[in-house]
Amino acid sequence: MDSSTITAAWVAGWAVSRSASAPVVEPWGYRIDVGLPGHVLRHILPEPDEPSVRKLCETVTEPGAWLKLLAPPEVVAGWLTPGWTVPDDPGYMMFHALTRSVPPAPPRGYTVATEARDGVFHVRVTAPDGAPAARGQISAPGPGTTAVVDQVETWEDHRRRGLGSLVMRTLETAAADAGATTGVLAGTRDGLRLYTSLGWRLQGPLTSVVRRPD
């Protein structure tokens, strides 16, 4: 997939997944008004360049504003103006052809719950003591479309038990059942190994930049 197609699908699906406002097309890419503490809004730049990034950094002054740029962090860092910072965890855009599969069985004592709500399919894994162990969700808008994986997480005390693979396979199968043909996601450094092991392919770097409080 080309970067513009992946980015457009990811932006639309992320907004649905997070119940955010619909993305607004801007000359540099997209804007989403998120409205959360620490995450007021985000600008997404599929093809960032220094003039566009510097202009946004100079004009966007709200603490908690984020930029998402499809470029390496070492390049982005040289474009920033004072007040902006690059978090320490790099990101990666990834994609995968979706197919149905049988998710692995949960470990003994763990339970899996699923729910489809407002165009988003959720998976929750609960530990034997009732504590949350893993989760994830995917927006699957319909036949022939691209689904967006979001908020995949395994709690630290429950890692290395196959829960991440269980969640991902469950999400992929649900989206395939809904008719989606391709999945996209924004992964972290910790998630990169999991997604790669499941056949997901790297599209390129995704660097996050946040406006610090004055």
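Arg 18 and Asp 150 form a salt bridge in this predicted model, with their closest N and O atoms 2.6 Å apart. Arg 18 sits in the loop between helix H1 (3-17) and strand S1 (24-26), and Asp 150 belongs to strand S10 (residues 146-154), so the bridge ties together parts that are 132 residues apart in sequence. The structure holds nine salt bridges.

**Salt bridges**

- Side chains of opposite charge can pair when their charged atoms come close.
- In the bridge between Arg 18 and Asp 150, Arg 18 is partly exposed, with a relative accessible area of 34%. Asp 150 has a relative accessibility of 7% and counts as buried, because buried means under 20%.
- Arg 189 and Asp 89 also meet through their side chains in a salt bridge, at 3.9 Å from N to O. Arg 189 is in helix H5 (residues 189-197) and Asp 89 is in the loop between strand S5 (84-85) and strand S6 (91-97), so this pair ties together parts that are 100 residues apart in sequence.
- Arg 189 counts as partly exposed at 45% relative accessibility, and Asp 89 is partly exposed with a relative accessible area of 38%.
- A further salt bridge joins the side chains of Glu 153 and Arg 135, at 3.1 Å from N to O.
- Glu 153 is partly exposed at 31% relative accessibility, and Arg 135 is partly exposed with a relative accessible area of 23%.
- Salt bridges also link Glu 26, Arg 31 and Asp 33 in a network.

**Helix H4**

- H4 covers residues 163-177, which is 15 residues. From its first C-alpha to its last it reaches 21 Å, close to the 21 Å expected at 1.5 Å a residue.
- Of the 15 residues of H4, 12 are buried, so the helix is largely enclosed by the rest of the structure.
- The buried residues of H4 include Leu 163, Leu 166, Val 167, Met 168 and Leu 171. Glu 172 is also among them, as are Thr 170 and Thr 173.
- Just after H4, Gly 179 takes a positive phi of about 100°.

**Nonpolar cores**

- In soluble globular proteins, nonpolar side chains tend to be buried together.
- The largest nonpolar core has 26 residues, and those with the most contacts inside it are Val 125, Ile 138, Val 149, Met 168, Leu 171, Leu 185 and Trp 200.
- S6, strand S8 (120-126), S9, S10 and H4 are the elements that give two or more residues to this core. H4 gives the most, with eight residues.
- Apart from this core lies another, of 16 residues, among them Ile 6, Ala 15, Leu 70 and Met 93.
- Not counting residues up to four places away in sequence, Ile 138 touches residues including Val 120, Phe 121, Val 149, Leu 171 and Ala 175. Gly 119 is also one of those it touches.

**Gly 119**

- Gly 119 lies in the loop between strand S7 (111-117) and S8, and counts as partly exposed at 48% relative accessibility.
- Leaving aside neighbours within four places in sequence, Gly 119 is in contact with Val 16, Ile 138, Ser 139 and Ala 140.
- Gly 119 and Gly 13 are 106 residues apart in sequence, and their C-alpha atoms are 9.6 Å apart in space.

Definitions and conventions. Residues numbered from 1 in each chain as written. Predicted model: local features only at pLDDT ≥ 70, side-chain atom pairs only at ≥ 80, totals over all residues. Heavy atoms only, no water. Helix = DSSP H or I, 4+ residues; strand = E, 2+ residues; numbered from the N terminus. Expected span 1.5 Å × (residues − 1). Buried < 20%, exposed > 50% of the residue type's maximum accessible area, 1.4 Å probe, protein only. Salt bridge = Lys/Arg side-chain N within 4 Å of Asp/Glu carboxyl O. Core = buried A, V, L, I, M, F, W, Y, C linked by side-chain atoms within 4.5 Å. Contact = heavy atoms within 4.5 Å.
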